Structure formats: C-alpha cells, structure tokens
Amino acid sequence: MSWTKKVLRVNMSTGNISEEPLNMHWAHDYLGQRGLATRYLVDEIEPDCDALGPDNKLIMTTGPLTGTIASTGGRYSAVCKSPLTGTVACSNSGGFFGAELKFAGWDMIILEGKAASPMYLNIEDDVATLIPADDLWGQSVWAADHLLRQKHQDPQVRIACVGRSAEQGCLYSAIVNDLHRAAGRSGVGTVMASKNLKAVVVRGTKGLGNIADPKRFMQTVRDGKKVLADNAVTGEGLPAYGTQVLMNVINEVGALPTRNMRETQFEGASDVGGEAMHVPRKSDGKPNLTTNAACFSCTIACARISTIDRTHFSVKDKPEYWINSGGLEYEAAWALGPDTGVDDIDALTYVNFLCNEDGMDPISFGSTVAAAMELYETGAITSEQTGGVELKFGSAEALCWAAEVTAKGEGFGVDLGLGSKRLCEKYGKPEFSMTVKGQEFPAYDPRGIQGMGLAYATSNRGACHLRGYTVASEILGIPEKTDPLESGGKAGLVKAFQDATAAVDSAGLCVFTTFAWTMDDIAPQVDAACEGDWSTERMMEVGERIWNLERDFNQKAGVTGAHDTLPERLLKEASASGPAKGRVNELDQMLPEYYQLRGYSADGSMTDETRQKWALPS
Amino acid sequence: MQKSLHIDPGKCTGCLQCESACSLIKEESVNPSKSRIKVFTFHDEGRFVPYTCTQCDEAWCMQACPVDAIVLNPLNGSKDVLDDICVGCKVCTIACPFGTINYNSSTGKVIKCDLCGGDPECVKACPTQALSYIDANATGLDKMRAWASKTDNAGA
C-alpha cells in the first residue's frame, strides 16, 4: 500500500477542515503526487479560473514511496494552476516536510478558498487546525520558521512556508520547506500566499507502515541503493560537487546560456562551478562548501551547505548571513551567474540565500534579472526605474540589490517580480524575454542541446529542465548517448523522458535517481510497496497518461500548440562559439514528429482518440 | 570480541536512513519519532550528528530501574529493556546522562538501542559509513590512522 489513503481538505474561506478517503480508483491510474494531485485539480477547478483567486486550489501532495526507506523517498509536490504560466503548476521539493506529512497520516492536503486574514495550518497527526498568523505575515521564511519553532516549542516540527516575495505578489515565488528546500517553480508560493496561508507546520508520530510486501520491498530498496552507490554520477559526482558538477561540462559543450542567452559560453564558468566551491578563500582559508547534505531518505546527498565569505561586500555588515545554509546548485548558480554575467561566487551564494530566505525561484529570478540587464543596456530601462543602480551584465552589486528589492517587493523589485515575460512586455521589448509559456529557461541552451529545445517548447509547465531531461542522453550518455547537435530522433527521446519523469515524480522519488536507475529499478520498488501490479510498462503508461492529463488541462486553459515554441533568439540567432557555433534550435524539425508520436493533431491539439485512449476526464 | 556502535558525525549527510531502519525493525513502520537513534541537524553550523545509547558499562538506567526491567545482554554488551517488566515509570530517562533512553507514549514503556541483538540495522542502512559496528577496544583506530597519515612520513 504505502498510501495512507487519507486526504486533508482545508477550506480557507470557511475555516472548515475535513478528512476524506483517497480516491483509490484514481491512484491506480495516476499513482500519487504529481499525477494523482493533478487528477484532483482537474476535477475541482475550472481551467480558466484566476490563478490567484479563491477558485484556484493548492494541493500539497506526496507519493506512495514518500516516507518509506526507499532512497530519495521524501518528496512532495505543490500542484495548482500557475499565476506565471496559466498552465498546471507542479513543483517538487525534497527536504523532510513531505515524509513528515505521511508520518502524520496524510497523503495530501487540498487547500481551497481564501482566508479573510493571514493563517497558518498546524497538523499534529490526525488533528489539523488553522491558527491566526498576523504576527508571521510580513516576515521572511527564515524569520517565520524561527517564530513558529519558538511558539510550538517542538524542535521536531517540519515547516513549509512562503516569504515576503509571495505576499507581495512576485509571480515566481516558491514554497520553502526546511529552510532551504523549495517547491520552486511556476509561482506555487504566490498561490499559497494568495490564500492568506503563510505556513504549514506538521508533526507526524504515526509512522508509515502498510507496505504491501515488506520483505520484498526491503530487498528492492537495498538493490536500488547499491545501484546508486555504484554509479559514477549518483555515487561520486553528485555527492562531491552536487548538481554543480555540470557547470564546466555544459560550458564546454557550448550550451551554457550566457547574458540573457545572447551567448552560449561563459568565460567565468569555472569561477562559479562545483569545483570552485571547494577552493579555500583568502580571508579565512575555508571553502564556500561546508558539506554535502541529504533530503529525507536520500543516499545520494547532492545538496550543498555553504557559507559566504564574511568579508564580501554583500554581508560584511550583516552577521545574520554568516551562517551555513543551502548553497548553490547548478540551475541557481547558472541563472544568478552566467545568465547575468556575474562571476562572483560569494555574490551568487548571498543571492541564493536570499532566494531561500524569501522564497523566490532562483531560476526565474536570475533569468528575469538577466532580461532586465539587457533592457537596461539597450536603454529600455534607465536609472530612473532602478533608482540609480547600474543594472549591467556582470555587476555583482546590481544582482545583490535586485535580490534584496525583489525579496521584499520594494521599488523596482515589484517589476522584477513580474517575471521576464511581463517585464519585457512592460518595457516594450518582448523579444528579450527568454521564456516558454511565460516561464523562464533553465541552464541548458537548446542551440547546443537540440532535444532540450523540444522539451522546453512542449513542457506542460513552461520552460523547464525537469519535464524531460534529455541532457542525460545528449551530454551524459544516460541511458545511451545521442548527438546533442542532431535534432533527428529527438522527438521519441523527449517523449520517453517526459513520460518516465511524470511517473517518477508521482512515486515520491527524486528524479536525480534516474542518472543511475532505469524504470526497471524503480517499478519493483513501487510494486513491492503498493497494492496492485506495477510493472515497468504500467509505470510508463501512467507517465504518459499524466502527461496527457496535464496537456489537456492546459489546452482547456487556453495554452495550446501555438504556445509550443521558443523565443526567436534560439530559433534564429546562431550560437557564436563552442561546439554549437553556427547552430540554432531546429524545433520545426522535431515538433511534427513529436505531435504524431503523442497522437495530437498537426497543430498540437489533443484529439478525441487520444483523449479516449487515456480515458481523460471530459 | 565485543563490538561498539561507532559514530563519525563528519560523514553524516542527515538522510535519516538510520532512523527509518531503526523504527522499521523495532516498530514495524518508518517512524523517526520512535527511532532509538536520532540525527541532530545544526543548521547554522552545517553539521549533522547522529546520537544513540553508548551502552555504558556502568549503566545508570539499569541501576536506576526499580523493577529490574533493564538487563545486560552478555552476548553484545547491550542493555536491553524487557517490555514485560517495564512499568513505564521513566526513572531511567532521568538517570541517563545522555538522554538516550526515552518513553514511548504509544506503548507506555521506555525504548532504547539494543544493538539489534548484535546486528544493528542503522549501520546497514547508513550510506556513508557514518555509523559502523566495530571492535569495542579500537573505536579510535580510524582517527589514529587519519592523524598518523598527517605525519611527515606520510606518502614516503
């Protein structure tokens, strides 16, 4: 089993809190977490609802393996309609909050309506209570976490919280749990704040039993852990360098988007990558990286725990930042570094701390700053808007300032909180926005990694690397090497990655396991833990069903095949250096085949046959 | 040869596999709140420290127990709680200087590490060898080796 089979429903408008059984019919079709919560969302909200209105719902959801001893079995997701993209939003986080929710006896929390004044939700096993949070509103995630711990006098509570950016309406605000893990993308934190919900505090002492076949499950878990330990990426590269192991690799293949994606290689990459985090600094002889760290149950431990140089301009007068906290991971380091042209690792770490402290998605934030820098350099934005700050590429001071004002929603920070698309539209240069469906790109330039262009264009939540990470195949050779400069054959590759990832995200596991695990490693763990038969084939079917469910919702919300595209820059402006020199992304070569493989019409519309095949709700 | 559960906090990543494994074998569910071993996270310092019963030779918990519910297991030196005899008075939890014996409100008994009868599950689950089960007479061997390697002769 491993589902607790219980759903907590919280109506923020009425204050009514109720318990209901998990829809097991849906669980068998959609597994859990991403898939299952999306099924609930599709059933319960109108696709065209206002994402920040009371009619949107926010579902905090776990998978069947969340809270088990399976490696990485600690994930949860936040699912809602996104205010940034207008599509379905599903943001995945690690840390310890998701497992704790399971230990308290809940598979998911459905949050609906909007409270009249700020509240937080307290869950102690079976008992859930809404408590006034006027004293927490206006506080950062870190400050609110501290206040909640003081109030509850229980060091073992787990807390998910939104920061000031979300309260101020920044459209890419995250839900931050355990101080520095985040359901980061698509503005799920903004939705949480729109319900006047500041935090969810959970303490679970019931534990998670109910494993369908405990003996076989333990054997599959042991087998899985061994595969992760023996693999070069999950056993060595990620523990030593974290995801930052990629910085130099991606730069060398000429796919490191630089200065708002105008270039594809960054001269300062080695100054801000994983290796640089190990280099002792002059001031105190300590490296940026203190240690690696794990989320619940994870035997990879890719997370970075870092400090900022105390003599650095950003923190020399701010001892509150002289602590260890969540350090740079690749996507954040890229968005804050190469994409803004800043090669100062302490500035990047400081801004990363601020993103954690006030819950901003560092990918969208960094990319938006990059767009703002291009707007500034071309004169579309002037010092009149920035209050005198020279918002130029490469300026660490400007980057730090931008993070400070966006975190609090002050001055030009309000504009930066709009995200790249709305910002560039506001200042008359929509072509400067490096987004798909309104969401900012992550750290792989699709001119140098062709499959990623298709993955970005067709992603159900806008530009995203976690919806179909063909980088694994095209660069790292996992499960098999394909040529990153070749667009042929990528349609099938993208589809396979998209479907597999949807299934992994729905199991409660971390997608990073798939550097080592195939579905043949994952399905046996799900099969032993859950009732029913969960073969590799069924897992892939579930993944494809989930993909189409998301796609169908987006179509009903008005986000259609016409939005499956990339910014002109990536389709028309050739890469100027590196192995991809002279290349653009060949999206038009891949998209028709992709639609065909998916069973969509030539314009990307969902067909009745496909809808029927997957028994999608009407 | 008597063995000790040895903890090297420097290797711990805070994943809680040990807590899951402990609660799974003792409580038949993954339930860190009922684990006999606990990992403490010191966020600002960036440290993770596992902590559990050290199996004192002169075990104060055992001496304090008014009903002799805590007994020495001669095979591995662990001090084990006999559930049938424990009355849940919690005196042992006061006596223990380290706080590693605790009351379990679900059962009304106290719980502590018993080294799983000489085959500790937490050690098997730990992915980084932060936990090991080694010769009780030489728990300092790794530290000695590390310091020895820093002498001038190292690498000669």
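**Figure 1. Helix α20 (residues 490–507) of chain A packs against helix α22 (residues 536–556) of chain A at an angle of about 100°, with the two axes 7 Å apart.** Helices here are DSSP runs of H or I with at least four residues, strands are runs of E with at least two, and both are numbered from the N terminus. Axes are lines fitted to C-alpha atoms, for helices over the stretch in contact, and angles between N-to-C directions run from 0 to 180 degrees. The helices α20(A) and α22(A) are therefore roughly perpendicular to each other, a label for angles of 65 to 115 degrees, whereas angles under 35 count as roughly parallel, those over 145 as roughly antiparallel and the rest as oblique. Contact between two residues means that their C-beta atoms, placed from the backbone, lie within 7 Å; on the side of α20(A) the residues that meet α22(A) include Gln498(A), Ala502(A) and Ser506(A), and their counterparts in α22(A) include Met539(A), Gly543(A) and Trp547(A). By class, the contact of α20(A) with α22(A) has eight nonpolar, three polar and two charged residues, where Ala, Val, Leu, Ile, Met, Phe, Trp, Tyr, Cys and Pro count as nonpolar, Asp, Glu, Lys and Arg as charged, and the others, Gly among them, as polar. This is a predicted model, in which local features need pLDDT of at least 70 and side-chain atom pairs count only at pLDDT 80 or more, while totals for chains, interfaces and linings use all residues. Residues are numbered from 1 along each chain as its sequence is written, and chains are lettered from A and ligands numbered from 1 in the order in which they are written.

**Figure 2. Helix α21(A) is mostly covered, with nine of its eleven residues buried.** A residue is buried if 20 or more other C-beta atoms, placed from the backbone, lie within 10 Å of its own, exposed if 12 or fewer do, and partly exposed in between. Among the buried residues of α21(A) are Met519(A), Ile522(A), Pro524(A) and Val526(A), and what covers the buried residues includes α7, α20 and α22 of chain A. Asp520(A), which also has its place in helix α21 (residues 519–529) of chain A, counts as exposed, with 10 C-beta neighbours inside 10 Å. Asp520(A) and Asn210(A) are 310 residues apart in sequence, and their C-alpha atoms are 23 Å apart in space.

**Figure 3. An open sheet of six strands in chain A has the order β2-β1-β6-β3-β4-β5, with mixed pairing.** Two strands pair if DSSP finds at least two bridges between them. The edges are held by β2 (17–21) and β5 (88–93) of chain A, each with a single partner strand, so one side of each is left without a neighbour in the sheet. Neighbouring strands of this sheet are turned by 20° against each other on average, direction ignored. Strand β3 (residues 58–62) of chain A pairs with strand β6 (residues 108–112) of chain A in the antiparallel sense over four bridges, and in this pair Ile59(A) stands opposite Ile110(A) in β6(A).

**Figure 4. Chain A and chain B meet in a contact that takes 25 residues from chain A and 21 residues from chain B.** On the side of chain A that touches chain B, α7 (214–230) and β13 (289–293) of chain A each supply at least two residues, and the largest share, four residues, comes from β13(A). The residues of this side of chain A divide into twelve nonpolar, twelve polar and one charged.

**Figure 5. Strand β2 (residues 38–42) of chain B and strand β3 (residues 47–51) of chain B pair in the antiparallel sense over five bridges.** Thr41(B) stands opposite Phe48(B) in β3(B). The hairpin of β2(B) and β3(B) has four residues between the strands, and Gly46(B) in this hairpin takes a positive phi near 65°.

Figure 6. Most residues other than glycine have a negative phi, and most peptide bonds are trans. Pro479(A) has its place in the loop between α19 (471–474) and α20 of chain A. Asp178(A), although not a glycine, has a positive phi of about 55°; Asp178(A) is found in the loop between β10 (175–177) and β11 (181–183) of chain A and is buried, with 23 other C-beta atoms within 10 Å. Gln129(B), likewise not a glycine, has a positive phi of about 60°; Gln129(B) lies in the loop between α4 (121–125) and β8 (131–135) of chain B and is exposed, with 12 other C-beta atoms within 10 Å.
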